[in-house]
Amino acid sequence: MEETSREAVATAVQRVAGMLQRSDQLDKVEQYRRREARKKASVEARLKAAIQSQLDGVRTGLTQLHCALLDVKEIQSSLADVSKDWRQSINTIENLKDVKDAVVQHSQLASAVENLKNIFSVPEIVAETQQLIEQAELLQAHRKLMELECSRDDLMYEQYRMDSKNTSDMNLISNYFEDVQGLSDELAKQLWMVLQRSMVTVRRDPTMLVSVVRIIEREEKIDRRMVDRKKQTGFIPPGRPKQWKDKMFEVLEGTVSTRIEGTQAVTREADKMWLVRLLEITRKYVLDDLIVVKNLMVQYTHTYTAQINVDMMGHPELRSECDINQLELLLPQDVVDDLLSKYVQTFTSNITGWLRKALETDKKDWQKDTEPEADQDGYYQTTLPAIVFQMFEQNLQVAAQIDGDFKEQVLKLCLKQMNTFLMRYREEAVVYKEEHLRDRQLPQCYVQYMIAIINNCQTFKESINSLKRKYSQSLEPTDSDAAIEKTLNEVAKEGCQFLLDEVFLDLDHHLNELLTRKWLTGSHAVDTICVTVEDYFNDFNKIKKPFNQEMTSEALRRVVVEYIKAVMQKRITFKNADERREGAERMIKEAEQFKFLFNKLAAGEDTERLCGAIAAIAEVFKLTDPTLLFLEVSTLVSKYPDIREEHIHALLAVRGDASREMRQMIIGTLSENKVSYAGVTQPIFKDITVPTITMTTMTTMTSMATAKLLK
């Protein structure tokens, strides 16, 4: 204490010395004294206030501790009463065993009632499935089999979950569904039979091999899902995992071995040159088989080798005592504004971090080996939209308690952050697609999660509209609304494009086969294209409107455009009238195949016009009298005015019998009577280019023809 006093005196002397360094400062001694006295009084007042505050805090704390002690004693007494009541109720609980058994039985009966419809239809579905297998309708048979297995497995799982030791009821379910395992075995025999004859099947009917591969892929996904559920619950349905993929490899390996071993027609005893004959036969068979694998089965190799006081005073029972309009603000307006500004800053920072974490969590789900969840209508989705809008909802509820203007401000901020978040969402979807293209086997549920990403866009739209209806006083669209709508549409359309790219990667080999010599002599390329597209669109049915309709229309357009590109690339030149007729009839038949498929998929009203373009081109090839070519080409141009000069050159070149003078006359006349295609809603030829070498050759030929005419 003495040392502190000495330090204070020394400090005071130093300050006084600093104030009185000059003689003219002596006149201000009284002024200095009064100023220091005021400072001293201020410090003493603050000290007294601080001490009083501490004393009040201690007093309050002691009061609360006293109350807590009383509460503890009361709780202790209540616990003693509870313990007493519990001991008295033990016997009562033991007497409720019959009630517990009744509850278990009721739960079992409820589960059975829920599945009655499926249970009663089991014999009918079994018969239908058996008939489909006998008719070699393998894809449809497998869908029926999956329905039966799903009903059986769900019933068994519910029984296992309620009473895993009740083998009697489990055996009852198993016996009722005993035909299902037989159907599975019968279908498997058909699959192995197709695989054993794969080298022959792929030549005669490649669609059958496509169906087998798709079925095995589906069973592999179900196996993985069942094994994962066993790890969590300990239950796995009978017959799982089927491991059909492993069996497929065994069958293929055995087929190859049998193919080679079966070529030994003679032995050493019968022919000294038996080894030479064997090696030559083996060489020929292996060469033929490798050519088939390369040309017809390459697309399958990858399959096998992610406010408070005001509210209180506004209560009806308090209005007569207080007019809230006459009350002063609890806080000055500048303090309120500062607090709201800090709240907005903190909210902005937090919401950015929350959105980033939500997206990272969703990205991890994209890499899962199990399909995403589906909503009540069966459309794939992830939890991202629900998480995002739950965060927005919670903060808007807080903002709404302050005032309407602040609620609008927070809503605008949410929408602004939403737009930034969606741009990041779009980027991550692109990265997801690019990673998949590096290894198309991974992730295993890429198609399903890309569908969920597309569906999430529609969910985001609906949630944004819901927020605006609930928290905005104005429903007029804003700049943020337009930006969000634009970004969501881009994400969805790009997702649809990515899925179509996935389809056309599988179709690339078959598209390259169109309008070639192999195609003319009998190719199953279009059959395989139609089967593959239809199989993919069974999954795409889980895309929400309107994106599923747009995707189907785009798929039709791409198929037709790729077909016409094959024509324009001059992969074949018809040698005679018979080849032109045969090629034209094949084109017309395949146009009808496309029309039937996409009418089935509900591609829209443009199906007739788009598929008709192929048939219209075929008519140009089919014409037997070359002198009437101008009329046929004119008809084609009138139907599709976006067709260009180089397209007509290419068509005439593929036809193979149009003379140079005739080409010059047709092109010249059509150029003079050129029709505008500005009003065409869906131009077909606009984006179809003709290879440069063809255009150069045709330009040279035109120049030569012109020179000849001038001579």
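How many salt bridges does a search of the whole structure find? With that total as background, please look closely at helix α10 and the loop between α10 and α11, where P241 is found.

Reply: The search over the whole structure finds 41 salt bridges (a side-chain nitrogen of Lys or Arg within 4 Å of a carboxyl oxygen of Asp or Glu). The model is predicted, so local features need pLDDT of at least 70 and side-chain atom pairs pLDDT 80 or more, while totals for chains, interfaces and linings use all residues. Residues are numbered from 1 along each chain as its sequence is written, and side-chain values use heavy atoms, without hydrogens or water.

The setting is helical: the protein has 28 helices and zero strands (DSSP runs numbered from the N terminus, H or I of at least four residues for helices and E of at least two for strands). Of its 711 residues, 38% are buried (under 20% relative accessible area with a 1.4 Å probe and protein chains only; over 50% is exposed, and in between is partly exposed).

In the part you ask about, D223 and R240 form a salt bridge whose closest N and O atoms are 2.8 Å apart. This pair links distant parts of the chain, since D223 sits in helix α10 and R240 in the loop between α10 and α11, 17 residues apart. Both D223 and R240 are buried.

R240 also takes part in a backbone feature, as a cis peptide bond joins R240 to P241, with omega about -5 degrees. P241 belongs to the loop between α10 and α11, and its C-alpha atom is 7.2 Å from that of V227, although the two residues are 14 apart along the chain. V227 lies in helix α10 and counts as partly exposed because its relative accessibility is 29%.

The phi of Q243 is near 55 degrees, a positive value in a residue other than glycine. Q243 is partly exposed, because its relative accessibility is 43%.

(A pocket is an open set of points on a 1 Å grid over the protein atoms alone, where a 1.4 Å probe fits, with protein on both sides within 12 Å along at least five of seven lines; lining residues have an atom within 4 Å of a point.) In total 50 residues line the largest pocket, with E217, R218, K221, E371 and Q448 nearest its centre. Among the elements giving two or more residues to this lining are α6 (138–162), α10 (206–233), α11 (244–261) and α18 (446–471).

K545 and P546 are joined by a cis peptide bond with omega about 0 degrees, and P546 is in the loop between α21 and α22 (547–568). L515 has a positive phi of about 55 degrees although it is not a glycine. L515 is placed in the loop between α19 and α20 (517–520) and is buried, because its relative accessibility is 1%.

Among the salt bridges, R440 pairs with D506, the closest N and O atoms being 3.1 Å apart. R440 is in the loop between α17 (404–438) and α18, and D506 is in helix α19, so that this pair links parts of the chain 66 residues apart. R440 is partly exposed at 21% relative accessibility, whereas D506 is buried at 13%.

A local pair is K486 with E490, with closest N and O atoms 2.6 Å apart. K486 and E490 are separated by about one helical turn, because they are four residues apart in helix α19. E490 counts as partly exposed, at 22% relative accessibility. Back at the part you asked about, salt bridges that share partners join E149, E219, D223, R240 and K242 into one network.
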